[in-house]
Amino acid sequence: MTHTAAYIKQITDLGDTQKVVASEDICNDKGVSLVKKGAQIDSSLYDRLIQHKLLRPLDYSVSIENPITPLSLITEAKRLLSEEAELVRANPFAFSAYAPYYLDFTLCRCTLALGNK
């Protein structure tokens with residue numbers, strides 16, 4: 001899998017506002033290290049990364065502090081649906097005993113459709 005320049009731009013720009021770190025050496029397809037393990041990833045690395053075909057997809061070589069996960073999405077959706085007045089009025093299941101199960105089922109289906117990311 002190769003990433004587009006736009007995808008690499010998104011990851012490097014994210015590093016300007018959130019901690020993104022190389023979890024392993026990021027190497028080009030010839031094995032030359034472009035970014036060392038532990039280095040901060042930010043927009044200053046964009047030009048270097050797009051000039052090379054990467055050995056591994058960038059997703060496997062970076063870690064993001066406080067990433068969005070299926071569990072964090074479910075937790076936040078439950079909180080919003082129970083606490084935000086407009087959402088409570090708009091949600092027919094808000095006061096139903098089945099609401100938590102319905103939400104879990106719906107969000108789990110979305111997670112599966114997205115490939116368990």
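Is Glu24 buried, partly exposed or exposed? Glu24 counts as partly exposed because its relative accessible area is 24%, where buried means under 20%, exposed over 50%, and partly exposed in between (1.4 Å probe, protein chains only). The model is predicted, so local features need pLDDT of at least 70 and side-chain atom pairs count only at pLDDT 80 or more, while totals for chains, interfaces and linings use all residues. Residues are numbered from 1 along each chain as its sequence is written, and side-chain values use heavy atoms, leaving out hydrogens and water.

Glu24 also takes part in a salt bridge, its side chain meeting that of Arg56 (2.7 Å, N to O). The term salt bridge stands for a side-chain nitrogen of Lys or Arg within 4 Å of a carboxyl oxygen of Asp or Glu. This pair links distant parts of the chain, 32 residues apart: Arg56 is in the loop between H2 and strand S4 (62-64), and Glu24 is in the loop between S1 and strand S2 (26-27). Helices (H or I, at least four residues) and strands (E, at least two) are DSSP runs, numbered from the N terminus. Arg56 is partly exposed as well, with a relative accessible area of 38%.

In the whole structure, 3 salt bridges are found. Another joins the side chains of Lys9 and Asp13 (3.2 Å, N to O). Both residues belong to helix H1 and sit 4 residues apart, about one turn of the helix. Lys9 is partly exposed at 34% relative accessibility, and Asp13 is partly exposed at 29%. Arg79 and Glu76 form a salt bridge too, with their closest N and O atoms 2.6 Å apart. These two are separated by about one helical turn because they lie 3 residues apart in helix H3 (residues 70-83).

The largest nonpolar core has 14 residues, and Ile26, Val35, Ile41, Leu49, Leu54, Leu58 and Val62 touch the most other members. At least two residues of this core come from each of helix H1 (5-14), strand S1 (20-22), strand S3 (33-35) and helix H2 (46-50). Such a core is a set of buried Ala, Val, Leu, Ile, Met, Phe, Trp, Tyr and Cys residues joined through side-chain atoms within 4.5 Å.

Beyond its neighbours within four places in sequence, Leu54 is in contact (heavy atoms within 4.5 Å) with Ile26, Cys27, Asn28, Asp29, Leu34 and Leu49. Thr12, in helix H1, counts as buried because its relative accessibility is 0%. Not counting residues up to four places away in sequence, Thr12 touches Ile41, Asp42, Ser43, Leu45, Tyr46 and Leu49.
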